[in-house]
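Here is a structure to look through.

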Amino acid sequence: MSSSQQPRRRFVIGLFLIAAVVQVLYRPAQCSSLIKYLSTEYNLSNIYSIIERNQIANTTIHLRSVTVFAPHNEAFLKITKQDNDDEYLPCYHITNVPMKLEQLGKSVFSELDGNPPIWITKKSPEEIYVNQAKVVYSLANYEHNNTFGKPQVLHVIDQVLQPLRMKKNSPQNVYNPNAWEFMQNAEYLDLDSYHTNTFLQRVQNLDKKGVFSNQGGHTFFIPVDEVANYPKVKPEKIDVKVIDAHIVPDNVLFLGPTNEDEQFKTLAFTDMLKVFSSLSKAAEGDKTKYYVSSDTVVGDDVHPTGAVVAEIVKANIPVRNGVVHLISRPLMIVDNNVKQFIEQSYKDREDSALHRFYEEIMNSGGDFLEKLTAMPNVTLFAPSNAAFNDQSIQSYLLNRTYIRSLLDLHIVNRRLSIDDIVAESIDTRFQVQTEVPRKDLFFNVVTNGKNRTLTLEGGGVNATVVQANLAATNGIIHIIDHVLGIPSSTVDRKLATDPTLNETNYLGQVSSLNDQLGDVQKRFTYFVPRDLAWRRLATDNPSVYKKLFMPEYSQVARAILERHLIIADKAFTMDDFRKEANNNNNLSVRLPVVRDVSMYVKIKDSVEGYSIEWRDEWIHVHRSDVRCTNGIIHVIDKVLIDQNDIDGSGAIATKSISALVLVMAQCLVFYYFN
C-alpha cells in the first residue's frame, strides 16, 4: 500500500468507529436487559433512580414481564417534586403485561396499589398518548427478556404520569376509585386544597351517583366549591340535566391528546336538549390555562342556548372509569345578563379575555353597560385583550368619543348563535344591522371537517370569532380578535382579504392598478363592485365580461376600474357625498375619479342605505364607509361600465384582427409576386 493511501484508509476506519459508537450511544443495545438499559441511558436516569429506590418496582422489573412507560429527564424538570414521589411514581409507570404500541388497547393496569388504569389515546399509529403524556415514537417498542426469560417492553414518554394521590397522613386509604368514589372521598385525596362538597350534595340529592359509577371510560368535569374571581352559583340551579352536562360518555379526554374546540356529546344530549362539551386553551404570560365549554345548541325553558365556560383548575386526574377535571364553576348554568357577565366574570381579572374591553367601556363613560342591560335580546361581539393591545390602534383609543361610538358597532339587537348565523348563511352572505345606523355586520362561515370558523366584518375591519356562544340571560357574547371600526389594512390589503371582492381584486392585480393602493401617503375613495356585480355583468354581457378577464385586455379593465377610483387629499364617506348633494339642491355630485374627472352621480339616502344614480340607473351601495388606513371603500352592486367601454373593447379586438389580416395580405402579395 502506498504511503499516500494510508491516511485515507485511517480516515475511513475512523468514520466506521465513530458510526459504531453512535449506534451504541443512541440505539438501545440489544444485548442489554431493560433494567440495564435504564441504568446506562443518561436521559432516563431519573426514572431509573426512582424505580431502583422502590422495592416493589425494582423487584417487579427484575422478576416479571412488564411494560415500562419511561419519562425522559426533561419531563422530570417540568414537575414539582413531591415527598411521596418514590411511593407513587415508580409503580404507576409499570404494567405487568409486555405490550408494543400496536398491542395497546384503551387502557392498561398499572402496578400501583389498587392497579389504577393508565389510559391510552391513539390519534394515529405514530401519535399515541399515555394519559397526558405523548409517546416518543422513535424511542418506543424496545424489547428484551430479563434474566428469567420474561419479555419486557419500554416506551419513552415526554411527561411524568401523575396518579391520584392521598393526602399526607390521611386516616383512610382510597385505592383506584371511580368518579363517584372520588367525590365521596375527596377530603382524603390530594386535590390542591380544592373541595367538591356542593356538587357532591346535589348529585346525592338528585340520586345521580349512578352516572359517575358507570363502568367504561368517560370524562367527568367536577365543579369545585369556590374559586377566587369566579361568581358563585346557587346550588339549586344544579339540576339533573346540568349534572349530566358534566359527563362526556365513552370518551376519556386528557388535555394533551384532545383537539382544541372539538365538540363531544355530553350525557345531557337527548332528543329535546342538545349539549356539547369542548376544550380550549389560552396563553397567559408564560402559562397556559385550559377551559371547558358546555354549549347548549338546543335548549328549553330552563336551559337557554349558548355556551358556559369554566376554567380547569386541576386537570388530568385518572380514575377507574376515566378521567376527572376539576373546574372553577358548574357548566350549563346561565345566571348573569351580558352586563353582569362582563363585570362579575372579568373586570377584576387582568388575565381574563375581556379585561381590556371592560377598561375601554369604563374609560368611555360606562353607559354602554347600561345599554346592554336594557336590551332583552342582544348579541355582543367583544374584542379580546389582544385586540385592544394591537399597537396599530393605540392612537385611536385616545379619542374617547370615537371609541364610544365604535362600541355600538359591536352590538346586534337580537340573539345570534353560531348555528343561527350558519343557518342564515346557507343561500347568501348573511348581514345584520348593528346599533350604529347604516352599519351592518357581514358574516362568513368556513367549515373544515368538524371545525367551523366564523369571520365577520364591521366598519371595514375583518375579525375572527375566537370564543363563541357565551351565554347570558339576555343574550350571547362572542369574543373576537379585532376591534371593529378601527382600520388596520390599506386599501390593497382590504381587497386581497375580503372574500366578496375577489374579482375586482384580481383585475386590479393583473392590470397593476392595485400597486398604488398600498401608498399610505395618498387617500383613496374606491367604489368597489362586489363579486355579485361582476356575475351580473357576466349574465348581461358575457362577451364583455370574458374579455375583461383576459390578460391582453388588462389595460381596458384598468381603465374601467379607474372610473371607480378617486385619489385626493382626503377620503370621502357616503355622508360627505350626501351633504354635498344637499348643498347642491339634491342635484348631481361630481366625482373626480381617475378616468373621468367630470363624472356626475346622484345620491339617495334611505332606510335600506345609500344608492348612487349613474347613467339613469340607481345602484345600491351594499357596504358604505369601509375604512382603511389610507382610504375608504364603498362596495357597490353594479360595475360602472357603459357602451363606450364595450365599443372600446370591440375596437381593440377589431384592430387586432385587422392588423393580422394586413400582415397575412402582405405575405400573400409577397409570395405571389416573388
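**Reading the labels**

The buried residues of H6 pack against H3, helix H4 (55–63), strand S2 (94–95), strand S4 (117–124) and strand S14 (306–319). This is a predicted model: local features need pLDDT of at least 70, side-chain atom pairs count only at pLDDT 80 or more, and totals for chains, interfaces and linings use all residues. Residues are numbered from 1 along each chain as its sequence is written, and side-chain values use heavy atoms, with hydrogens and water left out.

Q: What makes H6 largely enclosed by the rest of the structure?
A: Buried means under 20% relative accessible area, exposed over 50%, and partly exposed in between (1.4 Å probe, protein chains only). In H6, 6 of the 8 residues are buried, so the helix is largely enclosed. They are Asp85, Tyr88, Leu89, Pro90, Cys91 and Tyr92.

Q: How many disulfides does the rule give?
A: A disulfide is a pair of cysteine sulfur atoms within 2.5 Å. By this rule the count is 0.

Q: What makes H3 roughly parallel or roughly perpendicular to H6?
A: The axes of helix H3 (residues 45–53) and helix H6 (residues 85–92) cross at roughly 110° and come within 9 Å. That makes the two helices roughly perpendicular. Angles under 35 degrees count as roughly parallel, over 145 as roughly antiparallel, 65 to 115 as roughly perpendicular and the rest as oblique. Axes are lines fitted to C-alpha atoms, for helices over the stretch in contact, and angles run from 0 to 180 degrees between N-to-C directions.

Q: Which residues meet where H3 and H6 are in contact?
A: Contact means heavy atoms within 4.5 Å. Ile50, Ile51 and Arg53 of H3 meet Asp86, Leu89 and Pro90 of H6. These residues divide into 4 nonpolar, no polar and 2 charged. Ala, Val, Leu, Ile, Met, Phe, Trp, Tyr, Cys and Pro count as nonpolar, Asp, Glu, Lys and Arg as charged, and the others, Gly among them, as polar.

Q: How do you know whether Arg623 is buried or exposed?
A: Arg623 has 2% relative accessibility, so it counts as buried. Arg623 is found in strand S28 (residues 617–628). Beyond its neighbours within four places in sequence, Arg623 is in contact with residues including Arg429, Phe442, Asp498 and His634.

Q: What does the side chain of Arg623 make with the side chain of Glu457?
A: A polar contact, at 2.4 Å. The term means a pair of N or O atoms within 3.5 Å; within protein, one must be able to donate a hydrogen and the other to accept it, and residues adjacent in sequence count only if both atoms are side-chain atoms.

Q: Why is Lys281 called partly exposed?
A: Lys281 has 45% relative accessibility, so it counts as partly exposed. Lys281 lies in strand S12 (residues 274–284). Helices (H or I, at least four residues) and strands (E, at least two) are DSSP runs, numbered from the N terminus.

Q: What is the phi of Asn176, and is the residue buried or exposed?
A: Phi is about 50°, positive although Asn176 is not a glycine. Asn176 has a relative accessible area of 11%, so it is buried.
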